[in-house]
Structure formats: structure tokens, C-alpha cells
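Here is a short briefing to read alongside the coordinates. Have the viewer open, and let's start with the aromatic rings.

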Amino acid sequence: MTVIRVGMADLNVADGEDSLRTTGLGSCVGIALYDSQTKVTGLAHIMLPTSANANETNRAKYANTAVPLLIEMMEKKGANRRRLSAKLAGGAQMFTFAGQSDLMRIGPRNVEAVKEALRLNTIPVVAEDTGGNCGRTIELFSADGSLVIRTAKQGVSTL
Amino acid sequence: MSEEIRNLGEFQLSVLREVGNIGAGHAATALSKLLGSEIQMNVPRVSVVGFEEISEIVGGSEKFVIGIFLRVEGDIPGSIFFLLQVESAKRLVTDLIGNMGSAEPDEFSEMEISALQEIGNILAGSYLSSLADFTKKEMSPTPPAIAVDMAGAILSIGLVQLGADFALLVDTEFVQGERNIEGHFFMLPDPGSVSILFESLGVELQ
């Protein structure tokens with residue numbers, strides 16, 4: 001049982017008894033994909049909706065580039081993209097008082113972009129804990145695809 | 001632009017350290033006056049760091065902290081964060097306004113939040129005005145925004161601005177010894193700001 005750490009603007013895959021964990025999601029969104037038959041899981045921690053630069057080297061940073069990359073990596077590990085389902089967490093608005101409405105709305109925009117990327121790949125979103133104004137740490141378990149969400153103020157929940 | 005940040009040499013970093021030192025000196029003096037007791041600051045650490053390393057400085061991405069966030073507008077745009085341990089922030093506001101707080105140790109009343117915003121205003125204002133004197137550039141802070149949560153979640157709002165996987169970080173530690181208050185003042189210039197900053201200081205980038 002290994003806990004594989006996924007950083008900010010990072011992604012990784014796991015299977016068997018292993019889990020994937022990413023900490024301190026604020027406006028960022030954690031995308032948790034799961035293939036129930038092979039128990040292959042994938043987790044991405046994206047920061048921005050879309051890559052403005054086509055030559056972007058870090059594909060894990062953007063919703064529109066991270067989703068296809070995560071699917072590819074899961075397929076290499078034996079997953080079938082037609083069986084994948086998604087759970088989402090994050091996309092909070094951490095600061096409620098400030099002038100930069102555009103910057104402050106980055107969380108909801110990230111969530112929308114992730115859903116659009118998943119829709120393009122026909123992956124259904126089966127559960128989500130998004131929005132609000134709290135930070136989240138999440139762990140995705142390959143054994144059953146459950147996503148455990150910890151917040152600083154509202155305790156622990158499982159999707 | 002991001003390559004410019006990655007390739008900064010020791011000389012450029014030492015110039016930034018000195019600028020940060022003077023800015024933080026003014027900020028510490030202003031805060032000392034406000035509190036009526038001496039606030040000390042350490043010589044700033046100037047470094048080019050990855051996302052993860054920034055939250056490591058305050059104890060990790062999940063560390064529960066209070067974050068005061070301001071955007072810098074004008075000629076040299078960027079982000080400013082003042083991060084405090086929750087207990088430190090409590091002591092700081094009690095020094096400032098007395099015990100008007102919430103009964104919960106990790107919750108802040110409206111009065112306390114206003115006091116913290118004022119502290120943010122004073123720190124950022126004095127820091128930026130000394131930087132403006134130096135560079136002859138215009139800079140002004142937005143009103144401060146406050147969040148009490150995980151450090152990683154708070155800092156990410158500044159990191160999404162950067163458009164790069166690493167940031168130029170000027171980190172100053174504030175310490176008030178007898179009350180054991182500890183805070184980090186982070187200045188994160190936007191990537192385009194770095195060359196403007198150096199140009200205004202008459203320092204060549206390479």
C-alpha cells in the first residue's frame with residue numbers, strides 16, 4: 001500500500017492497493033479517474049483552465065491538456081477509456097474580498113474547463129465536491145475508487 | 001520570460017535581496033510603530049523556487065495558516081502574501097486591538113479580520129513605497145484579502161498568475177521575540193515584471 005504523491009500542476013496513475021494523494025487544493029481542481037474493472041486510477045492537480053501556449057511543456061497544469069494525458073497514462077497501465085468515470089474536488093474561491101474578479105473566479109472557471117475536457121472524452125462525472133471557499137486535500141484509492149476529501153474546517157468526507 | 005527568471009545570477013539575486021531588505025525594513029518599522037513594540041525581520045531570502053517549495057517554507061501545503069493577499073498594480077505588477085501561523089496572528093491582533101476576538105482559537109471575528117487587513121495594508125504599503133522610491137516606478141497595492149486555510153490552497157491564487165512552474169520569491173521573516181510571533185512576507189513579481197524591475201535599477205539581466 002503505497003501513497004503516491006501528486007504535486008501542484010502534476011499527475012500520476014496507480015493500481016492495486018495503492019493510492020494517489022494531492023494536498024492543498026484551493027482554486028486548483030483535482031481530477032480523479034477510475035476504471036472499476038482493472039482498478040487503475042489516475043489523479044491530476046490542474047491549476048488553470050486552458051493552455052494559451054500550444055507548446056506548453058507541462059501538460060498537467062491545464063484542464064484541457066491534463067485530461068487526455070491522464071487517460072493515455074491510464075491506458076498504458078491497462079485501463080479502458082470507455083469504462084472511466086470521474087470524481088472532482090477543488091475549484092474553491094479562497095478569497096472573497098478583492099477587486100480582481102477575473103483572478104478570483106479562477107476556481108469556478110477551472111471546474112467548468114475540467115467538465116468540458118471530460119465531456120469531450122465522454123467520461124461521466126459521478127461525484128464532485130467543488131466550489132465553496134475552503135482548501136482541500138484529497139486521496140484516491142485504487143482498491144474501490146473512493147475519493148477521501150479532507151478540509152481544514154469541515155472535516156473529512158468520502159465521495 | 002520565464003527563462004529570464006531561471007537564469008538569474010548571484011549578482012541579480014543579491015540586488016533583489018538588498019531591495020527586499022530595505023522594503024522590509026520600512027515595513028517592520030511601520031508595524032513596530034503600529035504595535036508599539038519592536039518587530040524584527042531577517043535578511044530576505046531571494047530565490048527561484050518551484051510551486052511546492054513555496055508552501056514548504058511555511059510548513060507544508062496542508063499547514064493551517066492565515067494568509068493576507070494583495071495584488072500589486074502599476075508598473076511592476078505582482079502578488080504579495082503575508083502568511084502567519086494562526087496563533088501568531090491571534091497574538092498580533094490582540095496586541096493591536098485588545099481581546100475582541102472570537103472564542104474559538106482558530107476563528108477570527110470581523111474586528112480581528114479588519115485589524116489583519118490593516119496590518120497587511122501597512123506592511124505592503126510601506127514595502128512598496130520604498131520600492132517605488134528606489135525604482136521611480138508607480139506601484140500600489142489592492143485592498144487586502146484574507147483567508148484562513150491550508151497554505152497551499154491560499155498560495156495557489158498567486159501561483160496561477162505566474163504562468164511558469166517556478167517563481168521569483170522574496171521571502172522575509174518577521175519575528176517579534178517576546179510574543180513569539182512569526183510571519184512570512186512573500187513578494188512574487190509577475191514574470192514580465194522582473195525585467196522592468198532590473199531595468200529601473202540599472203542592473204543588466206545577464
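Ring pairs link A:Phe95, B:Phe69 and B:Phe81 into a cluster. Rings of Phe, Tyr and Trp (its six-membered ring) pair if their centres lie within 6.5 Å, with planes under 30 degrees apart counted as stacked, over 60 as edge-to-face and the rest as tilted. This is a predicted model: local features need pLDDT of at least 70, side-chain atom pairs count only at pLDDT 80 or more, and totals for chains, interfaces and linings use all residues. Residues are numbered from 1 along each chain as its sequence is written, chains are lettered from A and ligands numbered from 1 in the order in which they are written, and side-chain values use heavy atoms, with hydrogens and water left out.

**Aromatic rings**

- Over all chains, the count comes to 4 aromatic pairs.
- One of them, A:Phe95 with B:Phe69, is tilted, at 5.1 Å centre to centre and 40° between the planes.
- That pair crosses between chains: A:Phe95 sits in the loop between strand 6 (84-90) and helix 2 (101-104) of chain A, and B:Phe69 in strand 3 (residues 64-74) of chain B. Helices (H or I, at least four residues) and strands (E, at least two) are DSSP runs, numbered from the N terminus.
- B:Phe69 and B:Phe81 are stacked, with 4.8 Å centre to centre and 25° between the planes.
- Because B:Phe69 lies in strand 3 of chain B and B:Phe81 in strand 4 (residues 78-85) of chain B, this pair ties together parts that are 12 residues apart in sequence.
- B:Phe69 counts as buried at 2% relative accessibility, and B:Phe81 is buried with a relative accessible area of 0%. Buried means under 20% relative accessible area, exposed over 50%, and partly exposed in between (1.4 Å probe, protein chains only).

**The interface of chain A and chain B**

- Here 32 residues of chain A are in contact (heavy atoms within 4.5 Å) with 31 residues of chain B.
- The two chains bury about 2,400 Å² between them, 63% of it on carbon and sulfur atoms. Buried area is the accessible area (1.4 Å probe) that two parts lose on being put together, summed over both.
- The rule finds 2 salt bridges across this interface, each a side-chain nitrogen of Lys or Arg within 4 Å of a carboxyl oxygen of Asp or Glu.
- B:Glu62 and A:Arg21 meet through their side chains in a salt bridge (3.2 Å, N to O).

**A:His45**

- A:His45 lies in strand 5 (residues 40-46) of chain A and is buried, with a relative accessible area of 1%.
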